[in-house]
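Biologist: Could you walk me through this model step by step, and spell out the terms as we go?

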Amino acid sequence: MRYFVQLLAEGSEEERQASGDDVSPLFQGGKGDWVCSITSLAGPHDGTTIMHAMPGFVPILKYGTYAIANIVGNTKFNKVYDFFLESWHLTTVPGNDRKNKTGLLEYRKIFHAAHSHDNLFWDLRIDGAAEMNSKTKCQPTTYYFTVPTLGTMEKDGKICRAPIMFPALWITGKAMSVYNPPKKFRNLINFDDTWRHGDGLATYGSCFHPKNEPWAMFEDADKNNLQKGIWYRMPDAESDHGTIIGGSLKYIGFNKKPLFDKFYMDQIKLIDSLD
């Protein structure tokens with residue numbers, strides 16, 4: 001979303017030079033005020049350590065995701081869930097005739113997509129996030145809010161999972177808590193003990209704000225005079241990565257009230273009050 005606002009505001013000089021008069025309006029710039037605000041929920045602005053803490057698991061996940069997308073994207077289930085990987089020639093638009101579809105397992109195309117830097121697996125790496133951050137900046141036309149999620153706690157001097165954490169995230173949360181990034185990564189982030197905490201997928205310290213962008217604690221800010229072009233760090237959310245966005249078993253069953261209903265309503269009211 002940050003990069004989208006960046007394109008709206010400043011466009012892309014590369015695209016303008018390459019396309020000339022036929023350039024898409026998206027790349028022309030001058031539309032930063034189209035987006036009033038951004039609210040990041042559990043967003044690892046500087047990358048997340050899970051991409052490095054489990055080096056054997058991530059490649060399986062990456063190749064598996066593209067393989068599943070390639071298969072699903074060429075069956076009738078494409079109408080149920082569309083991965084939108086037509087640009088990689090892995091899927092086709094739902095409803096297309098079968099003769100126009102790609103193969104069920106296009107190994108070379110899967111390899112090409114997985115090894116590119118144009119996917120979330122690269123953007124979520126510490127070095128990938130640093131590359132993305134070098135291309136974006138806070139725009140003076142937009143309000144920015146970020147909500148760190150914390151699904152771990154300290155007990156007897158050790159970092160362990162909090163009761164809120166979903167069992168599927170116990171292993172990833174543990175791996176993140178003991179990961180020590182090498183110097184080449186430490187130079188890209190503000191590494192401290194907050195980077196050992198997390199919500200099972202996103203690193204807590206990375207959810208504060210992008211390293212080199214202006215920020216302030218929302219609790220200390222003048223609520224009647226919030227500024228555009230600066231990140232406001234909202235109070236921590238006691239949540240694993242799924243709970244804050246509604247993806248938790250804690251919501252299933254009778255008399256189960258979503259845990260973050262009030263947070264969402266308060267945030268909506270805040271955004272609605274902005275100019």
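Biologist: Which residues of helix α1 are buried?

Modeller: In helix α1, which spans residues 2–10, the buried residues are Arg2, Val5, Gln6, Leu7, Leu8 and Ala9. Buried means under 20% relative accessible area, exposed means over 50%, and partly exposed is in between, with a 1.4 Å probe and protein chains only. Helices (H or I, at least four residues) and strands (E, at least two) are DSSP runs, numbered from the N terminus. This is a predicted model, so local features need pLDDT of at least 70 and side-chain atom pairs count only at pLDDT 80 or more, while totals for chains, interfaces and linings use all residues. Residues are numbered from 1 along each chain as its sequence is written, and side-chain values use heavy atoms, with hydrogens and water left out.

Biologist: And what covers the buried residues of α1?

Modeller: The cover includes β1 (37–41), α7 (126–133), β2 (143–147) and β7 (231–233), where contact means heavy atoms within 4.5 Å. After α1 comes glycine 11, which has a positive phi near 70 degrees.

Biologist: Let's look at strand β1, then. What does serine 40 touch?

Modeller: Serine 40, which lies in strand β1, touches His45, Phe145, Thr146, Val147 and Trp231, if residues up to four places away in sequence are not counted. Serine 40 counts as buried because its relative accessibility is 11%.

Biologist: You also listed α7 as cover. Where is aspartate 127, and what does it touch?

Modeller: Aspartate 127 is found in helix α7, and, leaving out residues up to four places away in sequence, aspartate 127 touches His52, Trp122, Phe185 and Leu188. Aspartate 127 and phenylalanine 185 are 58 residues apart in sequence, yet their C-alpha atoms are 6.8 Å apart in space.

Biologist: Switching topic to the nonpolar cores: which residues touch the most other members in the largest one?

Modeller: The largest nonpolar core has 16 residues, and Tyr66, Leu85 and Leu90 touch the most other members. A nonpolar core is a set of buried Ala, Val, Leu, Ile, Met, Phe, Trp, Tyr and Cys residues joined through side-chain atoms within 4.5 Å. At least two residues of this core come from each of α3, α4 (57–72), α5 (107–114) and α8, and α4 gives the largest share, with four residues.

Biologist: What does leucine 85 touch?

Modeller: Leucine 85 touches Tyr66, Ala69, Leu90 and Thr91, again not counting residues up to four places away in sequence. Apart from this core lies another one of 15 residues, among them Ala42, Ala237, Phe260 and Leu274.

Biologist: Helix α8 came up there. What do its buried residues pack against?

Modeller: The buried residues of α8 pack against α3 (50–53) and β5 (158–161). In α8, which covers residues 170–177, Thr172, Gly173, Ala175, Met176 and Ser177 are buried.

Biologist: Now for charges: how many salt bridges are there?

Modeller: There are eight salt bridges in the structure, a salt bridge being a side-chain nitrogen of Lys or Arg within 4 Å of a carboxyl oxygen of Asp or Glu. One of them joins lysine 135 to glutamate 131, with the closest N and O atoms 3.9 Å apart. Another joins aspartate 193 and arginine 196, at 4.0 Å from N to O, and aspartate 236 meets arginine 233 in a salt bridge at 3.6 Å from N to O.

Biologist: Are aspartate 193 and arginine 196 buried or exposed?

Modeller: Aspartate 193 counts as exposed because its relative accessibility is 53%, whereas arginine 196 counts as buried because its value is 18%. In the other pair, aspartate 236 is partly exposed, with a relative accessible area of 38%, and arginine 233 is buried, with 13%.

Biologist: What about disulfides, how many do you count?

Modeller: The count is zero disulfides, where a disulfide is a pair of cysteine sulfur atoms within 2.5 Å. For cysteine 138, the nearest cysteine sulfur belongs to cysteine 36 and is 14 Å away. For cysteine 160, the nearest cysteine sulfur is that of cysteine 207, 19 Å away. Cysteine 138 is buried, with a relative accessible area of 13%, while cysteine 160 counts as partly exposed because its relative accessibility is 26%.
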